[in-house]
Amino acid sequence: MLRNRLGLALLSSLTAFVAAGSAHAEALVDTSVETAPQGGEVVVTAQRLLDVRSGRMIENPQVLVRDGRIVEVGRVGASVPAGARRIDLPGMTLLPGLIDMHVHLDADPGYGGYTGLQFNDRFWSMVSVVHAQRTLMAGFTTVRNVGSDDWNDVGLREAIDEGKLTGPRIVTAAYSFGSTGGHCDSTFFPPSMDERSPYNADTPEEGRKRVRELRKYGAQVIKICATGGVFSRNTEPGQQQMSLGEMKAIADEAHQWGLKVAAHAHGAAGIKDAIRAGIDTIEHASLIDDEGIRLARQHGAWLSMDIYNTDYTQAEGRRNGVLEDNLRKDREVGDIQRENFRRAHAAGAKMVFGTDAGIYPHGDNAKQFAVMVRYGMTPLQAIQAATLSASQALGRDDVGVVEANRFADMIAVPGDPTRDVAQLEHVPFVMKGGVVVKDATTR
């Protein structure tokens, strides 16, 4: 069956990665640092630690890690267990590992339009491995993969969790789904090719069944398409494509199973019905209006607004094969989405950090921080969106904060990212689960 990669406009090619040579490859995984979990205890010190709950900087922090979890956060000079390994990061600021709430690890923007059809289905499984490595090396220790084909994200998560591959913690949606002919369907081919998503849902009961099927095979979050989209054919971003009743049935079923639901929703009407239906996170939210912002605040829905990627798609999309109609829609919603981000934040809506990585190159996730600041957030608020707030939206108390009992997922940067958030675009130190996976510091 032909792959429809066109709903995602995919990242830099694996061929280009290989051609970049061994130096680039070595940069992805630093073989001089730990590559497997270590037992025992580790003590990490730095010049300062950002407490993302209070926004305060803790001077001379000392973090005790045991078996991949944080045991204690204190100050340098406090007693440490005999025999504990030390990692000293003088002049550096420690932060929690970052969280991106909207990625597509098996998508590569180097292949847009119909160009992705030149490859075997398994090509996308293979490139997702490189994308996961790049994401982790950029300081993102947890991601939510909101839609992939052929169970690619589930297999990738399992391989990472088994220690076979290097990558972030992945919360997997598997297939995203929506209505027949909608954004999550296959919309680029004539009827003779009989291309369609295997998970279309056109009634409330079909929606309930899709939740059960996807959960059965590895979905940890449910992702639906409530409206049309930018990188699909014959859909417009503002069009609502799932009814309130369909979305409510999906949300109710998912919540019954303990799963959260994310809704791709650009258009104002679809956003509002998704919120009324009990959807947990609204993805893109480009055309949200005042009533939608009010409903988001009233219902506690989180907004995940990808306000960086238009810079990339408008600069590189045509060269990558993206069709003009898709670029047209991208231009039409880009500035509106950014201004609505500003309005929603100013009104007090809950916001998380979500980039749609895969529409632009993986590993560049942190470029969105500066755009969030440009459109109204303080650097601290942007960082909190990718740490504390993201962990809350995930419903997890084991990531997102440097504190006792959470995973020892930490990054370190020189300087103070609460003054210059662009510091996060070049992260020299990454620890995941107490394991140092990148150390490019000069000590």
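Tyr111, Phe119, Phe123 and Trp124 come together in one aromatic cluster, in a structure that is a predicted model. The structure holds 15 aromatic pairs, and one of them, between tryptophan 151 and tyrosine 175, is edge-to-face.

**Aromatic pair of tryptophan 151 and tyrosine 175**

- A pair of aromatic rings is described by the distance of the centres and the angle of the planes.
- For tryptophan 151 and tyrosine 175 the distance is 5.4 Å centre to centre, with 80° between the planes, and the pair counts as edge-to-face because an angle over 60 degrees falls in that class.
- The two residues are 24 residues apart and link distant parts of the chain, with tryptophan 151 in the loop between β7 (140-145) and α4 (152-161) and tyrosine 175 in the loop between β8 (169-172) and α5 (204-216).
- Tryptophan 151 has a relative accessible area of 23% and is therefore partly exposed, whereas tyrosine 175, with a relative accessible area of 11%, is buried, the cut-off for buried being under 20%.

**Charges over the ring of phenylalanine 407**

- The charged end of arginine 69 sits over the ring of phenylalanine 407, at 4.0 Å from the ring centre.
- Arginine 169 also lies over the face of phenylalanine 407, and here the distance to the ring centre is 3.6 Å.

**Annotated span**

- An unreviewed UniProt entry lists residues 93-437 under the feature "domain: Amidohydrolase-related".
- In the model, the end C-alpha atoms of residues 93-437 lie 17 Å apart, and the span is 36% helix and 15% strand.

**Positive phi at histidine 284 and alanine 285**

- Histidine 284, although it is not a glycine, has a positive phi of about 80°, and this residue lies in strand β11, which covers residues 281-284.
- Alanine 285, likewise not a glycine, has a positive phi of about 50°, and its place is in the loop between β11 and α8 (290-299).
- Histidine 284 has a relative accessibility of 5% and so counts as buried, while alanine 285, at 0% relative accessibility, also counts as buried.

Note on methods: Residues are numbered from 1 along each chain as its sequence is written. This is a predicted model: local features need pLDDT of at least 70, side-chain atom pairs count only at pLDDT 80 or more; totals for chains, interfaces and linings use all residues. Side-chain values use heavy atoms; hydrogens and water are left out. Rings of Phe, Tyr and Trp (its six-membered ring) pair if their centres lie within 6.5 Å; planes under 30 degrees apart count as stacked, over 60 as edge-to-face and the rest as tilted. Helices (H or I, at least four residues) and strands (E, at least two) are DSSP runs, numbered from the N terminus. Buried means under 20% relative accessible area, exposed over 50%, partly exposed in between (1.4 Å probe, protein chains only). A charge sits over a ring if NZ of Lys or CZ of Arg is within 6 Å of the ring centre and within 35 degrees of the ring normal. UniProt positions are given in the numbering used here, feature names are shortened, and annotations may be inferred rather than shown by experiment.
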